[in-house]
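Here is a short report to read alongside the coordinates. Please have your viewer ready and follow the headings one by one.

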Amino acid sequence: RMFSALVLCVAGVWACIFGFQNWRANQFLAQADNFARQLRWEEALECANQAVKTLPQPKAYALRGTLRANLAKFKGKGSEMEAVAADLERAARLSPRDPKIARARLLFYQNAKRLDKAEEVLLQMRADSPYEVGHSK
């Protein structure tokens, strides 16, 4: 009985901590999204970085990758593209069937003229959800 109570207590504490971390990460993501809509890329990227540090989750990596791509395009820094690809690929590994992440990867690889990777992503999208309107023939 004591062991069961201890396990339940530990599980409750863990759930509270995880819930708080999830809430904080989502707050940072909302701020990043708000800054991005205002074209305040640096501030948006800082919030996305905080979200990744708080709770590394697929949507945080995907947003950070997209923001890095936008900022690199704006500043003309092609050197950032490997970091963008790394973020988007990590998001895809964490959530392989997420269509939003797949679309972000597809757009990134198309814009980066890496058509072999874009084709690979598109074929995977079709395999994962063949009836999705956005990537049919």
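## Inside helix H4

In H4, the buried residues are Val-84, Ala-85, Asp-87, Leu-88, Glu-89, Ala-91 and Ala-92; buried means under 20% relative accessible area, exposed over 50%, and partly exposed in between, with a 1.4 Å probe and protein chains only. The buried residues of H4 pack against H3, helix H5 (99–111) and helix H6 (115–128), where contact means heavy atoms within 4.5 Å.

The 14 residues of H4 (residues 81–94) should span 20 Å at 1.5 Å a residue, and the end C-alpha atoms are 20 Å apart, which agrees. The expected span is 1.5 Å times one less than the number of residues.

## About the model

You are looking at a predicted model, in which local features need pLDDT of at least 70 and side-chain atom pairs count only at pLDDT 80 or more, while totals for chains, interfaces and linings use all residues. Residues are numbered from 1 along each chain as its sequence is written, and side-chain values use heavy atoms, with hydrogens and water left out.

## The overall fold

The protein chain has six helices and zero strands, and its elements run α-α-α-α-α-α from the N terminus on. Helices (H or I, at least four residues) and strands (E, at least two) are DSSP runs, numbered from the N terminus.

Of the 137 residues in the protein chain, 35% count as buried. Among contacts between residues at least 6 apart in sequence, 44% join residues at least 24 apart.

## H3 against H4

H3 and H4 pack at an angle of about 160°, with their axes 8 Å apart. That makes H3 roughly antiparallel to H4. Axes here are lines fitted to C-alpha atoms, for helices over the stretch in contact, and angles run from 0 to 180 degrees between N-to-C directions. Angles under 35 degrees count as roughly parallel, over 145 as roughly antiparallel, 65 to 115 as roughly perpendicular and the rest as oblique.

The crossing of H3 and H4 is left-handed, meaning that the near helix is turned anticlockwise from the far one by less than a right angle (clockwise would be right-handed). Residues of H3 including Tyr-61, Arg-64, Gly-65 and Arg-68 meet residues of H4, among them Val-84, Asp-87, Leu-88 and Ala-91. The residues of this contact divide into 11 nonpolar, two polar and four charged. Ala, Val, Leu, Ile, Met, Phe, Trp, Tyr, Cys and Pro count as nonpolar, Asp, Glu, Lys and Arg as charged, and the others, Gly among them, as polar.

## H2 against H3

Helix H2 (residues 41–54) and helix H3 (residues 58–75) pack at an angle of about 155°, their axes 9 Å apart. That makes H2 roughly antiparallel to H3. H2 passes H3 in a left-handed crossing. Among the contact residues are Trp-41, Leu-45 and Val-52 of H2, and Tyr-61, Arg-64 and Leu-71 of H3. The contact of H2 with H3 divides into 10 nonpolar, two polar and four charged residues.

## Loops worth a look

Most residues other than glycine have a negative phi. Leu-39, however, has a positive phi near 60°; Leu-39 lies in the loop between helix H1 (2–37) and H2 and is exposed, with a relative accessible area of 60%. Lys-113 also has a positive phi of about 60° although it is not a glycine. Lys-113 is in the loop between H5 and H6 and counts as exposed at 69% relative accessibility.

Ala-112 also lies in the loop between H5 and H6, and is partly exposed at 28% relative accessible area. Ala-112 and Lys-73 are 39 residues apart in sequence and 10.0 Å apart in space, C-alpha to C-alpha.
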